[in-house]
Amino acid sequence: MDKIQAAKSAVRDFYAKLDAGDANLSAVLEQHTDPNYLWRGFHPFGEITSASEVAARFWTPLRQSLTSLRRRQDVFFAAENSLDAERAVWVVSMGHLMGLFDLPWLGIRPTGKMAFLRYCEFNKVVDGQITETAMYFDIPHLMVQAGQNPFPPQTGAHLVQPGGQPHNGLLFGPQPGEEGDKTLATINAMISDLGQWDSGLSLEDELRRTWHEDMIWWGPEGIGATYTIPRYAAQHSGPFRAGFADRSKTGHICRLAEGHYGGFFGWPNFTARPVGGFMGMPATGQPGEFRVIDIYRREGDKLAENWIFIDLLHFWKQQGVDILARTTGIETP
């Protein structure tokens with residue numbers, strides 16, 4: 001078994017034990033993680049360097065609130081990190097954690113009904129152990145399901161987001177290396193265009209260089225999902241560029257692709273200064289960090305779908321607005 005398939009097996013074994021209803025969560029995490037484990041999670045969690053603390057602060061309260069919790073994966077792939085000289089393998093899982101929302105979580109009111117927490121997780125695997133995790137999740141999306149919308153009306157659509165249109169995102173087996181190379185090259189070309197913000201082309205024509213005309217952008221709650229290049233330009237990309245200045249260079253920790261799927265994350269990916277209002281809130285002029293995961297599906301020679309996780313609670317906290325406290329009454333660090 002090559003190291004990519006071995007890493008996939010290690011993470012799948014970890015998930016099987018973690019997702020068991022009677023699991024000792026702390027013991028499972030300690031068994032499958034390195035002693036110097038680093039876990040990164042969206043606000044209000046941040047960086048945690050103890051497997052037992054990850055269990056105590058994140059997994060146990062979540063499992064107590066979302067009872068009968070199930071992992072519904074839409075995407076699963078692995079590859080070497082193209083940004084790492086050591087070419088360490090990372091395993092990516094994306095989908096929803098579904099359960100019955102029976103007890104409050106982070107001050108969000110329970111509904112007693114089904115609820116879906118959007119998540120995407122990057123796990124770095126070395127010698128069969130997970131050494132680093134980036135676990136990003138859309139808390140505002142859960143809040144809207146509970147009737148506690150924390151944001152003004154968004155430009156895109158609120159949806160429980162499906163996986164890739166061909167339903168082929170679970171890459172448990174080996175994939176042709178050339179397909180992953182094509183996907184990574186397309187993502188890199190898109191990043192090069194995105195980082196300029198001044199290509200000399202119209203925004204729509206710039207996007208057409210690397211995106212299909214009927215692309216789907218599955219954005220986070222507060223921004224929403226949008227479909228086709230013209231609507232994406234009008235409903236997110238154009239307003240975002242108009243609302244920010246002084247965008248820093250892109251700083252990713254991991255960027256990889258396997259088969260027709262790929263993605264990246266940063267901590268943060270970039271910083272930018274709001275100058276024109278964003279998400280219906282006034283500009284502060286205060287630079288803010290954007291912690292982001294992007295997952296892509298390539299079709300042919302262009303990108304067809306993109307799932308995005310942005311730590312908007314962290315961004316707005318830096319702007320002086322504690323979204324969780326304002327909505328739930330519970331202060332966050």
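**A chat about helices, a sheet and a core**

Guide: Helix 5 (residues 177-194) has 18 residues and reaches 26 Å from its first C-alpha to its last, close to the 26 Å expected at 1.5 Å a residue. The expected span is 1.5 Å times one less than the number of residues. This is a predicted model, where local features need pLDDT of at least 70, side-chain atom pairs count only at pLDDT 80 or more, and totals for chains, interfaces and linings use all residues. Residues are numbered from 1 along each chain as its sequence is written, and side-chain values use heavy atoms, with hydrogens and water left out.

Visitor: Thanks! Which residues of helix 5 are buried?

Guide: Glu-179, Gly-180, Thr-183, Leu-184, Thr-186, Ile-187, Met-190, Ile-191 and Asp-193 are. Buried means under 20% relative accessible area, with a 1.4 Å probe and protein chains only. Helices are DSSP runs of H or I with at least four residues, and strands are E runs of at least two, numbered from the N terminus.

Visitor: What caps the N-terminal end of helix 1?

Guide: That's Asp-2, with a side-chain oxygen 3.1 Å from the backbone nitrogen of Ile-4. Buried residues in helix 1 include Phe-14, Tyr-15 and Leu-18.

Visitor: Where is the kink in helix 7?

Guide: At Ser-237, shortly before the proline Pro-239, and the kink is about 40°. The bend is the angle between axes fitted to the seven residues ending at a residue and the seven starting there. Ser-237 is among the buried residues of helix 7, as are His-236 and Phe-240.

Visitor: Switching to His-141: buried or exposed?

Guide: His-141 counts as buried because its relative accessibility is 1%. His-141 lies in helix 4 (residues 139-145).

Visitor: And which residues is His-141 in contact with?

Guide: Leaving aside neighbours within four places in sequence, His-141 is in contact with Phe-116, Arg-118, His-158, Leu-159, Val-160 and Glu-221. Contact means heavy atoms within 4.5 Å.

Visitor: What about the open sheet, in what order do its 3 strands come?

Guide: The order is 9-12-13, with antiparallel pairing. Strand 9 (244-245) and strand 13 (288-290) are the edge strands, each pairing on one side only. Two strands pair if DSSP finds at least two bridges between them; strand 12 (residues 270-274) and strand 13 have 3. Ala-272 stands opposite Gly-288 in strand 13.

Visitor: Last one: how many residues are in the largest nonpolar core?

Guide: It has 97, and Ile-295 is one of those with the most contacts inside it. Such a core is a set of buried Ala, Val, Leu, Ile, Met, Phe, Trp, Tyr and Cys residues joined through side-chain atoms within 4.5 Å.

Definitions and conventions
Buried < 20%, exposed > 50% of the residue type's maximum accessible area, 1.4 Å probe, protein only. Polar contact = N/O pair within 3.5 Å; in protein donor to acceptor, adjacent residues only side chain to side chain.
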